[in-house]
Amino acid sequence: WSQGGAGPHSTLGPSDGVTINYRHGLPVITLTLPTRSERCVFTVKPMVTTVGAFLKDLQREDKGIQRAEVFAPDGSKVSDATLMEVLLMNDFKLAINNTAHLVSPPVKDKLSSEHATEMEDIKSLVHRLYVALHLEDHQIRKERELLEKLDHLKEELLPLEQMKAGITASADAKTSRLLWVGLALLSAQGGALAWLTWWVYSWDIMEPITYFITYGSAMAFYAYFVLTKQDYLYLDAKDRQFLHYFYKKSKKQHFDVEQYNKLKEDVAEVEESLRRLRQPLHLRLPVQEISAKD
């Protein structure tokens, strides 16, 4: 058994040339060692082994190999960094010392479905191993990027938050004053009607007046519904008045409400990404896939 990345070898009967076939989904290269005059089998891991690593395995196996190179059919030298998977896609020349061998790998389309399935399983296994080995580094790097982005967004949001707090306090104060003014007007109206009823006029005179006041109030509430398409509820009316004062004050102080809302959405999105990144069960799932599961 050889110790290099090209895989195990075994001694076979004498023959010439270099042959390639697939065994258990992996390419097996069989060739005659020049000084030992014996056939050796090298099982190659095409997605991991490079051309340079394969040639070094040949020289390690036979110390009599002084020169080992790979050339394309047009005579150009193949880089040592080329993966064997790429090399085995086309014909190539393997030069060992002063002898050149023309190698014709089997066409992958003609491989059996079983071999194709085994190759896909190996690729999937390599991918999972790569993810397992590099996931922690990727997680730390991604977390650092998200934290830096979050800090930048909060720096942009801070002055807007301060301005919004002042505008909110002013709008809330005006809304409260309006509510107290409404209460004062209703109290004054009730007192005036009571005074006119008991001290100035009689109930027979004031009854039609109170009726039309009530009817006028009903007309005012209906007009509110026509204009706002909402029932007149005190809480909704208060919120509507607050927003009126808020946007009026924002326009006066040049407060960009749309920019503020956009920054708040970005901050919430980054914080949600951080939360998902720190959950071990979601580390390998993209945000869209996680959202579909929730």
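Predicted model: local features only at pLDDT ≥ 70, side-chain atom pairs only at ≥ 80, totals over all residues.
Select Gly-182, Leu-186, Phe-221, Tyr-232 and Tyr-234, the closest to the pocket centre among the 21 residues that line it. Next, colour helix H3 (113-200), helix H4 (203-228) and helix H5 (234-252), the elements that each give two or more residues to this lining. H3 supplies the largest share, with nine residues. Colouring the lining by class then shows 13 nonpolar, six polar and two charged residues.

Move on to H4 and display its C-alpha trace. The helix has 26 residues and reaches 37 Å from its first C-alpha to its last, close to the 38 Å expected at 1.5 Å a residue. Show the side chains of Met-206, Thr-210, Tyr-224 and Thr-228, which are buried in the model. Then step past the end of H4 to Lys-229, the residue that follows the helix, where phi is positive, near 60°.

What is the helix and strand content of residues 178-197? The chain there is 100% helix and 0% strand, and its end C-alpha atoms are 28 Å apart. For residues 209-227, the content is 100% helix and 0% strand, with the end C-alpha atoms 27 Å apart.

Notes:
Residues numbered from 1 in each chain as written. Heavy atoms only, no water. 1 Å grid on protein atoms, 1.4 Å probe; cavity = no way out; pocket = protein on both sides within 12 Å on 5 of 7 lines; lining within 4 Å. Helix = DSSP H or I, 4+ residues; strand = E, 2+ residues; numbered from the N terminus. Nonpolar A, V, L, I, M, F, W, Y, C, P; charged D, E, K, R; others polar. Expected span 1.5 Å × (residues − 1). Buried < 20%, exposed > 50% of the residue type's maximum accessible area, 1.4 Å probe, protein only.
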